[in-house]
Amino acid sequence: MSGRAQLMWDEAVTGYDFGRDHPMDPVRLALTRRLVDAFGLDKDVDVVAAQPAGESTLRLVHRQDYIEAVKAASVDPGAADQSYGIGTLDDPAFLGMHEVSALIAGQSVGAAEAVWRGEALHAVNFAGGLHHAMPGGASGFCIYNDASLAIARLLELGAERVAYIDVDVHHGDGVQAAFWEDPRVLTVSLHEHPRTLFPQTGWPEETGAGSAEGTAVNVALPAGTGDAGWLRAFHAVVPEVIADFRPQVLVTQHGADTHFEDPLAHLAVSLDAQRAVQVACHDLAHEYADGKWVALGGGGYAVVEVVPRSWTHLVGIAAGRAIEPEAVIPEGWRQEVFARTRQLGPARMTDGRWPVSWAGWEAGYDPADRLDQAVLATRKAVFPLRGMLA
């Protein structure tokens, strides 16, 4: 197996553009790519442009009638069939939508193939992580579910146990739905509580069905949760279920919208805590999956201040050259930020909260604390189904 990481990138992914006033501004992808370059991480990864996902690959998750609807809207956006979730406020149709969505999906599928076949130990597609798309419809800014497609491709290649960890502020509902009855896939989602945020799913009682009962794990966090609570919840649930499941490959989704500056959600997590979870996912891959790690992007709508820094940290960790939180951001990148957006870019790779700390679950919990109540609800719902102590 190659010890080098792959960075999946094709400049054309920046064509995933819902329009000027839409929160998912593709400048976040371009600025991330430039920041990766500014720190010289290109020398430590193999930059690879995979082919777009073809129809047979898309059908691993998506229905043929939905694919046809996306293709039709891609040619004539004004005639989009809204019954498929396209041409809506969240998912406006645009020219070339099918092609660029398939391209993003192809990068995640290519990442999964490279890791499974030993061509790379880790692979990152920060343009991916579009976790809301359903088999028969678009949802939440997501047309094709590249995360589900990557997992489905791993299963097709012979993987028997794939674990998926989603730390986006929104529930990873599309991935959970795709593998709801498949015991080969463990889905773990750490997200803001469905009472206060789209898509209003991801309750702890959602645990999978049939022979897959106990393979869907949902940690629903109270609005306002900050670094200490977020990290406490992650470490109180995720390592134990991963250790029990013992995946052959780990796929992770790193939406940056948990950040306290994100305009679309209500958690209060810092860049430094996001980096700490990225490191934890890397370490879990090495401890339980022989290092096989596919890391994806996701949400994130503070497109200058947060997203490029968070995902550049992710690339550095995957590349084996983690960027120190106190690192000064190259001036050339900040100049490009201003030229593109007329905003001032951040000066360092930290929010000033490093090192982050949290209280471990093993020391006990407070039954009156809302964060601890959330963690306990998940443990009580899932752990006994897996033969584990709650």
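## Salt bridges, pockets and buried sites in a predicted model

Asp42 and Arg33 join their side chains in a salt bridge, with an N to O distance of 3.0 Å. The model in which this pair occurs is predicted. Asp42 counts as partly exposed because its relative accessibility is 23%, whereas Arg33, at 9% relative accessibility, counts as buried. Side chains of opposite charge can pair when their charged atoms come close. Over the whole structure, a search finds 19 salt bridges.

### Further salt bridges

| Pair | N to O distance | Relative accessibility of each partner |
|---|---|---|
| Asp42 and Arg33 | 3.0 Å | Asp42 23%; Arg33 9% |
| Glu156 and Arg153 | 2.6 Å | Glu156 49%; Arg153 15% |
| Arg309 and Asp351 | 3.0 Å | Arg309 1%; Asp351 23% |

The side chains of Glu156 and Arg153 form a salt bridge at 2.6 Å, N to O. Both residues belong to helix α5 (residues 146-156), and because they are three residues apart there, about one helical turn separates them. An α-helix has 3.6 residues a turn, so residues three or four places apart point the same way. Glu156 is partly exposed, since its relative accessibility is 49%; Arg153, at 15%, falls in the buried class.

A salt bridge of another kind of placement involves Arg309 and Asp351, whose side chains meet at 3.0 Å, N to O. This pair links distant parts of the chain, 42 residues apart: Arg309 lies in helix α9 (residues 307-319), and Asp351 lies in the loop between α10 (331-341) and α11. Arg309 counts as buried because its relative accessibility is 1%, while Asp351 is partly exposed, with a relative accessible area of 23%.

How much of α5 is covered? The helix is mostly covered, as 10 of its 11 residues are buried. The buried residues are Asp146, Ala147, Ser148, Leu149, Ala150, Ile151, Ala152, Arg153, Leu154 and Leu155. Just after α5, the backbone at Gly158 takes a positive phi of about 120°.

Ser108 is part of helix α4 (residues 97-116) and counts as buried because its relative accessibility is 0%.

### The loop between α10 and α11

Thr350 lies in the loop between α10 and α11, which also holds Asp351. Thr350 is buried, because its relative accessible area is 11%. Apart from neighbours within four places in sequence, Thr350 is in contact with Leu271, Asp272, Arg309, Pro325 and Glu326. Among these contacts, Arg309 is the residue that meets Asp351 in a salt bridge. From Thr350 to Arg195, the separation is 155 residues in sequence and 31 Å in space, C-alpha to C-alpha.

The largest pocket holds about 260 Å³ of space. Its lining comprises 13 residues, and the closest to its centre are His193, Arg195, Ala220, Pro222 and Ala374. Helix α11 (residues 370-382) supplies the largest share of this lining, four residues. By class, the lining of the largest pocket consists of seven nonpolar, three polar and three charged residues.

The second largest pocket contains about 190 Å³ of space. Which residues lie nearest the centre of the second largest pocket? They are Gly140, Phe141, His170, Phe198 and Tyr301, out of 18 lining residues. The lining of the second largest pocket divides into eight nonpolar, seven polar and three charged residues.

### Annotated domain

In an unreviewed entry, UniProt lists residues 22-315 as "domain: Histone deacetylase". In the model, the end C-alpha atoms of residues 22-315 lie 26 Å apart, and the span is 38% helix and 12% strand.

Methods
Residues are numbered from 1 along each chain as its sequence is written. This is a predicted model: local features need pLDDT of at least 70, side-chain atom pairs count only at pLDDT 80 or more; totals for chains, interfaces and linings use all residues. Side-chain values use heavy atoms; hydrogens and water are left out. Helices (H or I, at least four residues) and strands (E, at least two) are DSSP runs, numbered from the N terminus. Buried means under 20% relative accessible area, exposed over 50%, partly exposed in between (1.4 Å probe, protein chains only). UniProt positions are given in the numbering used here, feature names are shortened, and annotations may be inferred rather than shown by experiment. On a 1 Å grid over the protein atoms alone, a cavity is a set of points where a 1.4 Å probe fits but cannot get out, and a pocket is an open set with protein on both sides within 12 Å along at least five of seven lines; lining residues have an atom within 4 Å of a point. Grid points are joined across faces, edges and corners, and a volume is the space filled by probe spheres set on the points. Ala, Val, Leu, Ile, Met, Phe, Trp, Tyr, Cys and Pro count as nonpolar, Asp, Glu, Lys and Arg as charged, and the others, Gly among them, as polar. A salt bridge is a side-chain nitrogen of Lys or Arg within 4 Å of a carboxyl oxygen of Asp or Glu. Contact means heavy atoms within 4.5 Å.
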